[in-house]
Amino acid sequence: MNVRKRSKDDGCCSINFLKYVLFIFNFVFLVAGIIVLGIGIWTVVDKHQYVSLLSTSTYESIAYLLIAAGVIVLLVSTVGCVGVFREDRRALLIYTFMLLLIFLMEAVAGILAYVYEEQIHTELQANLNATFLNSYKFDMERTEDIDSLQRQHKCCGALDAEDWIYSKWLKSNKKLNNTVPDSCCKTESVGCGVRNHPSNIHNVSCLRKLEHLIKEHLVILGAVGLGVCLVQVFGLMLSCCLYVKLKDYEQNYY
């Protein structure tokens with residue numbers, strides 16, 4: 001009795017069907033990876049301006065984790081295409097494990113972003129004022145960031161403009177007439193920080209401004225990390241199904 005060999009098109013989830021769907025997924029996966037990489041680079045280039053004022057490296061780590069995930073996606077999508085096109089089970093296995101790795105990286109980045117969003121207020125409240133008072137004019141990177149924060153976001157002092165009276169900067173410069181840095185002034189000029197009256201300076205807490213700035217971006221990082229990692233679930237399912245189908249096909253028909 002002759003038994004008809006099943007073709008790769010047999011069944012509702014045939015090998016050829018899974019190949020086409022996985023090709024489509026791989027394109028979506030590549031686009032998602034480019035987005036993740038772009039968001040990570042944007043964060044490092046444009047949103048890391050005040051990172052020196054933070055007491056932990058969590059914010060930096062989230063961005064670099066997304067960049068690493070994005071770079072790996074660019075490489076893995078190539079492996080996926082080769083594996084699907086050649087019906088190479090080894091390449092598919094590597095592709096599946098790399099998908100899992102990327103999934104975990106993006107999930108960790110997304111969860112970290114949302115957890116840190118809840119912790120950032122406590123961190124800034126505990127450390128930002130000390131950073132302002134002890135680092136201004138003694139740590140040049142932080143000095144530049146403090147001045148930039150006060151200028152661009154129209155604020156003065158971590159908690160209040162009066163905080164500057166207790167700064168190491170003023171205590172070590174008794175001859176200095178300033179009561180606040182010139183970057184606090186509404187109209188900045190050399191020596192304008194002599195008067196700390198609200199008519200002359202921005203009387204807004206820099207802690208609130210920085211907190212809002214970081215929280216706003218953490219929401220984006222969290223959404224990108226968790227949103228894109230969910231896409232990987234479909235890829236994992238498809239690659240596993242194709243791997244099993246190819247294994248079954250090879251065992252039965254070769």
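Colleague: What should I know about the model before reading numbers off it?

Modeller: The model is predicted, so local features need pLDDT of at least 70 and side-chain atom pairs count only at pLDDT 80 or more, while totals for chains, interfaces and linings use all residues. Residues are numbered from 1 along each chain as its sequence is written, and side-chain values use heavy atoms, with hydrogens and water left out.

Colleague: Where in the protein is confidence lowest, and where is it highest?

Modeller: pLDDT is the predictor's confidence in each residue, from 0 to 100. Where pLDDT is low, the predicted coordinates should not be read in detail. Here the mean is 87, and 92% of the residues reach 70 or more. Helix α6 (residues 206-253) has the lowest confidence, at a mean of 84, and helix α4 (residues 140-152) the highest, at 94.

Colleague: How many helices and strands does the protein have?

Modeller: Both are DSSP runs numbered from the N terminus: helices are H or I with at least four residues, strands E with at least two. The protein has six helices and zero strands. The radius of gyration, taken over C-alpha atoms, is 27 Å. Along the principal axes, the C-alpha atoms fill a box of roughly 105 × 25 × 25 Å.

Colleague: What share of contacts comes from residues 24 or more positions apart?

Modeller: A contact means heavy atoms within 4.5 Å. Among contacts in the protein with a separation of 6 or more, residues 24 or more positions apart account for 74%.

Colleague: What share of the residues is buried?

Modeller: Buried means under 20% relative accessible area, exposed over 50%, and partly exposed in between, with a 1.4 Å probe and protein chains only. Buried residues make up 44% of the 254.

Colleague: Is T96 buried or exposed?

Modeller: T96, in helix α3, counts as buried because its relative accessibility is 13%. Leaving out residues up to four places away in sequence, T96 touches L236, S239 and C240.

Colleague: Which class does I111 fall into?

Modeller: I111 is in helix α3 (residues 89-135). Its relative accessibility is 48%, so I111 counts as partly exposed. I111 and G33 are 78 residues apart in sequence, and their C-alpha atoms are 18 Å apart in space.

Technical notes
Rg over C-alpha atoms; globule rule 2.2 N^0.38 Å.
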